[in-house]
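I opened a notebook for this structure.

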Amino acid sequence: MERDDYGKYILVPIDFADYSVKAAYLAFELAALWGSEIVFLHTFDDSSTKRTVLELTGKLKALFDSERASGRFASVVYSVVIKKGVPEDEIKKFVKTNNPRLIVMGTRANDQKVDELIGSVTSEVLSFTTVPLIVVPDSSPIKSYASVRNVCYATNFTDKDIYVFDDLMQRLKRYDFNVSFVHVLENNESAAAMQPAIDAFQKSVDSKYPSLKKKIAMLPCEKDVPYTLDKYMKDHGMDILTVKMSSGRGFYNMFVISLAQQLVYSAKNPLLVLPYMPQNVNKEKQSDAAKKLMSLHRNMARVNFFNRKRV
């Protein structure tokens, strides 16, 4: 049964730059598909005058209204909210109050954001978001959601990945694309040792989405994980990269968020970050495959721990 408790809004933080406007077009398309409303959120500080902000807002609304008048996004309701304050603080308040269905953010080209990687608004949002976040680089070749055909899903083949992928499929509301489940082998990981987890993962996905075109790829790490994933994306014509992000503030989550930040920096295609919220998982309804995966990974963790103790 499909979920119907997703938030009604798509949140688009916007600063009127070209890259944020590009993200807005994707948000319009998704809102039309899902029947959602869009909230464009702009924040300003003492260095900007409210008059300037209102002028820019007027130009933006004129652009979007012309698109709606043309029939391209005729059914989409949107609003522009202007707040004085820190962008990430206002985004956090909106997420906590309204639980949007999705956040869509545009980013600059790689050569323009080298000095802004740490402490950027996107990095801050990644540290607290409880809803999916799509990052759209201004250099992205993707012009529309409808043009997405090949999805790369970075996975560890855990029970968490099953839950997050199922949530993703229910949000996307389409099954006509190809999915590559990709794992980057690090720290002397063995593909053979992971095979039982892979088999259980594949069994679960096959049972839920038998018509979905999918494949599994185990990649030796080249340089680092972001580089390896980017190379796979380029070599195999992937349109969008999807990565899971665990909630909480433990050491593991710090690592995952750091990886997501690196992917935001290096991404040339849209990046979809999916939060795993354990409090939303109904353990009584978990599939046998998911429970088996949980047990397998606990055993693998014990083996890896004792192997390290012997070194």
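**Cavities**

I noted about 40 Å³ of space in the second largest cavity. I am working with a predicted model, where local features need pLDDT of at least 70, side-chain atom pairs count only at pLDDT 80 or more, and totals for chains, interfaces and linings use all residues. Residues are numbered from 1 along each chain as its sequence is written, and side-chain values use heavy atoms, with hydrogens and water left out.

I wrote down the terms. A cavity is a set of points, on a 1 Å grid over the protein atoms alone, where a 1.4 Å probe fits but cannot get out; lining residues have an atom within 4 Å of a point. Points are joined across faces, edges and corners, and a volume is the space filled by probe spheres set on them.

Which residues line the second largest cavity? I listed Ile-162, Phe-165, Asp-166, Ser-204, Val-205, Lys-208 and Tyr-209. Helix H5 (159–172) and helix H6 (195–208) each supply at least two residues of this lining. Helices (H or I, at least four residues) and strands (E, at least two) are DSSP runs, numbered from the N terminus. By class, I found four nonpolar, one polar and two charged residues in the lining of the second largest cavity. Ala, Val, Leu, Ile, Met, Phe, Trp, Tyr, Cys and Pro count as nonpolar, Asp, Glu, Lys and Arg as charged, and the others, Gly among them, as polar.

My search of the whole structure gave two cavities of 30 Å³ or more. H7 (225–235) and H8 (251–266) each supply at least two of the lining residues. H7 gives the largest share, four residues. I sorted this lining into eight nonpolar, two polar and two charged residues.

**Loop residues**

Most residues other than glycine have a negative phi. I looked up Phe-157, which has a positive phi of about 60 degrees. Phe-157 sits in the loop between strand S6 (150–154) and H5. Is Phe-157 buried or exposed? I read 0% relative accessibility, so Phe-157 counts as buried (buried is under 20% relative accessible area, exposed over 50%, partly exposed in between, with a 1.4 Å probe and protein chains only).

Asn-99 also has a positive phi, near 45 degrees. I placed Asn-99 in the loop between H3 (87–98) and S4 (102–107). Asn-99 is partly exposed, at 39%.

Last, I checked Ser-36, between H1 (18–34) and S2 (37–44). Ser-36 is buried at 6%.

How values were computed:
On a 1 Å grid over the protein atoms alone, a cavity is a set of points where a 1.4 Å probe fits but cannot get out, and a pocket is an open set with protein on both sides within 12 Å along at least five of seven lines; lining residues have an atom within 4 Å of a point.
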